[in-house]
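This report describes selected local features of one protein model. Please consult the sequence and the structure shown below while reading.

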Amino acid sequence: NDHANGSKACVRFNVSGNLEDPAQFRGRLLEISNQTGIDISFHIDDIYKHARRLVVFDMDSTLIQGEVIDMLAQAHGVGQQVAEITEATMNGDLDFKESLIRRTALLKGLDESVLSETAANLNLTEGAENLTVTLKGLGYKIGIISGGFDYFGKYLQSKLKLDYVFANELEIAGGKVTGKITGDIIDGPKKAEILKTITMVENINLQQTIAVGDGANDLPMISVAGLGVAFHAKAVVKQNANQAISSVGLDG
């Protein structure tokens, strides 16, 4: 990135040889993306590279700006407690399932109207609409696989005309959030499982998929996809604004 005139650049490396542990390698790339604000994609160069058919996105801090659970917590007056748990989770320091249970419990009693207002005010990541319209035009199926809440995933599905949405079901009773999750919790390993299931439904090879995410719990999904993209620049921009780190939008 040229700070002087704001221009952007993309660099591609073609490397030959055998990769002993692709998951570990992609994990390191995600760390570098996190540390530098550079978006990184990695794929195996094979016959499927020109036959991609499916793209899946993490939701929070990838398809949309920020973490919805943090927004809800702020509205409910428990912002600081939830933000601390979120940060530990995104850094991989805390088990995702346990942290989600703890954070969701803090939302008990939140009025459903707050969910509606929050959904209506979600900020899509720069380039998200251009990206989804373009990919749909090219015949791609598009999905969200998220550890966030399905209330917001369904809202985005309607807005962006997505084919699939898998997210955690936030229990609501009597117009209030109960503080519980309904059904199985979608964590990192579950994200990878869901991606594999979609490929079976679509009758395509895993190598024909693209997965985009920003956090530690996206790594299993990014690792099994044909093309894995670590999209983490936005969080780094917020943390290191004085360094003028910038990145292309999601459509980059």
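In which strand is Thr178 found? Thr178 belongs to strand E5 (residues 176-182); helices (H or I, at least four residues) and strands (E, at least two) are DSSP runs, numbered from the N terminus. The model is predicted, with local features needing pLDDT of at least 70 and side-chain atom pairs counting only at pLDDT 80 or more, while totals for chains, interfaces and linings use all residues. Residues are numbered from 1 along each chain as its sequence is written, and side-chain values use heavy atoms, with hydrogens and water left out.

A polar atom of the Thr178 side chain lies 3.2 Å from the backbone nitrogen of Lys180. Ile172, in strand E4 (residues 164-173), is partly exposed, with a relative accessible area of 32%, because that term covers values between buried (under 20%) and exposed (over 50%), with a 1.4 Å probe and protein chains only. The C-alpha atoms of Ile172 and Asp111 are 9.1 Å apart, although 61 residues separate them along the chain.

The table lists contacts (heavy atoms within 4.5 Å), leaving aside neighbours within four places in sequence.

| Residue | Residues in contact |
|---|---|
| Thr178 | Lys108, Glu171, Ile172 and Ala173 |
| Ile172 | Glu112, Leu115, Tyr151 and Thr178 |

Leu115 also takes part in a helix contact. The axes (lines fitted to C-alpha atoms, for helices over the stretch in contact, with angles from 0 to 180 degrees between N-to-C directions) of helix H2 (residues 68-76) and helix H5 (residues 112-120) come within 11 Å and cross at roughly 130°. Met71, Leu72 and Ala75 of H2 meet Val114, Leu115 and Thr118 of H5.

Notes:
A polar contact is a pair of N or O atoms within 3.5 Å; within protein, one must be able to donate a hydrogen and the other to accept it, and residues adjacent in sequence count only if both atoms are side-chain atoms.
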